Structure formats: C-alpha cells, structure tokens
Amino acid sequence: MAELELLVWLHPSMQIPFKFESKEHPFKVNPNSAIVDLMDDCEQVFEDASKKVGANMELQINVLWNVKDHKKALNPNDKVGQHF
C-alpha cells in the first residue's frame with residue numbers, strides 16, 4: 001500500500017510566535033499506522049521547527065480531525081488510512 005502525504009493544519013485560534021508553513025513539513029504516512037502515531041509525529045515536527053527558530057516550544061495534540069469532516073474527532077486507535 002502506498003504512503004499517504006498529509007499536511008498539518010493548525011487551528012486558527014493557535015497563536016505561535018513563529019511562522020509554521022505546513023507545506024514545508026509534509027508527512028509521509030503508512031495508511032496502516034495508528035492516528036496516535038501521526039499525532040506524535042506532528043508534535044515532534046512542530047517541536048523541531050520551533051527549535052530551528054529559537055522558540056523551543058512543544059505541542060500537545062489531544063484531538064485530531066480530518067478537515068474534510070471537521071465535526072468528528074478521530075479515534076487515536078484507528079488506522080490513518082480509514083480517514084485520509
């Protein structure tokens with residue numbers, strides 16, 4: 001099965017002190033990976049990006065949505081391929 005390429009969309013209410021361009025941080029994800037693993041990967045990429053600009057921030061993701069169906073939170077135990 002081919003990997004999926006996903007882009008992060010940070011909620012507009014999040015105010016971060018540096019520019020985070022999701023197109024500069026695409027995720028190549030195995031569709032059989034768990035949503036919780038994708039959440040962990042997103043947190044790490046955000047932390048790495050913040051360190052590059054001297055912000056040293058962490059991100060804690062509690063809920064993940066697919067922007068195509070933004071009314072329903074994803075189950076962290078589901079497979080990525082079920083939703084993307």
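A polar contact is a pair of N or O atoms within 3.5 Å, where, within protein, one must be able to donate a hydrogen and the other to accept it. The exercises below use this term on a predicted model.

**Exercise 1. Contacts of Asp78**

Find where Asp78 lies, and state which side chain joins that of Asp78 in a polar contact.

Solution.
- Step 1: Asp78 belongs to the segment after β4 (69–73).
- Step 2: Asp78 is buried yet has no salt bridge. The nearest side chain of opposite charge is that of Lys72, 6.5 Å away.
- Step 3: A salt bridge needs a side-chain nitrogen of Lys or Arg within 4 Å of a carboxyl oxygen of Asp or Glu.
- Step 4: The side chain of Asp78 does have a polar contact of 2.9 Å, with the side chain of His83.

**Exercise 2. Asn66**

Decide whether Asn66 is buried or exposed, and name the atom that its side chain reaches.

Solution.
- Step 1: Asn66 sits in strand β3.
- Step 2: Its relative accessible area is 9%. Buried means under 20%, so Asn66 is buried.
- Step 3: The side chain of Asn66 reaches the backbone oxygen of His83 at 2.2 Å.

**Exercise 3. The salt bridges**

State how many salt bridges the structure holds, and describe each pair.

Solution.
- Step 1: There are three salt bridges. Side chains of opposite charge can pair when their charged atoms come close.
- Step 2: Lys28 pairs with Glu5, with the closest N and O atoms 3.5 Å apart. This pair links distant parts of the chain, since Lys28 is in strand β2 and Glu5 in strand β1, 23 residues apart. Lys28 is exposed at 59% relative accessibility, and Glu5 is exposed at 52%.
- Step 3: Lys19 pairs with Glu21 at 3.3 Å between the closest N and O atoms. Lys19 is exposed, at 69%, whereas Glu21 is partly exposed, at 31%.
- Step 4: Lys51 pairs with Glu47 at 3.2 Å, N to O. Both lie in helix α1, four residues apart, about one turn of the helix. Lys51 is partly exposed, at 46%.

**Exercise 4. The pockets**

Give the volume of the largest pocket and of the second largest pocket, and describe their linings.

Solution.
- Step 1: The largest pocket holds about 680 Å³ of space. Its lining has 23 residues, with Trp9, Leu10, Val63, Leu64 and Trp65 nearest the centre.
- Step 2: The elements giving two or more residues to this lining are α1 (35–52) and β3 (65–66). The lining divides into 16 nonpolar, six polar and one charged.
- Step 3: The second largest pocket holds about 160 Å³. Its lining includes Trp9, Leu10, Lys19 and Glu21, and divides into six nonpolar, one polar and two charged residues.

Methods. Residues are numbered from 1 along each chain as its sequence is written. This is a predicted model: local features need pLDDT of at least 70, side-chain atom pairs count only at pLDDT 80 or more; totals for chains, interfaces and linings use all residues. Side-chain values use heavy atoms; hydrogens and water are left out. On a 1 Å grid over the protein atoms alone, a cavity is a set of points where a 1.4 Å probe fits but cannot get out, and a pocket is an open set with protein on both sides within 12 Å along at least five of seven lines; lining residues have an atom within 4 Å of a point. Grid points are joined across faces, edges and corners, and a volume is the space filled by probe spheres set on the points. Ala, Val, Leu, Ile, Met, Phe, Trp, Tyr, Cys and Pro count as nonpolar, Asp, Glu, Lys and Arg as charged, and the others, Gly among them, as polar. Buried means under 20% relative accessible area, exposed over 50%, partly exposed in between (1.4 Å probe, protein chains only). Lys and Arg count as positive and Asp and Glu as negative; His and the chain ends are not counted.
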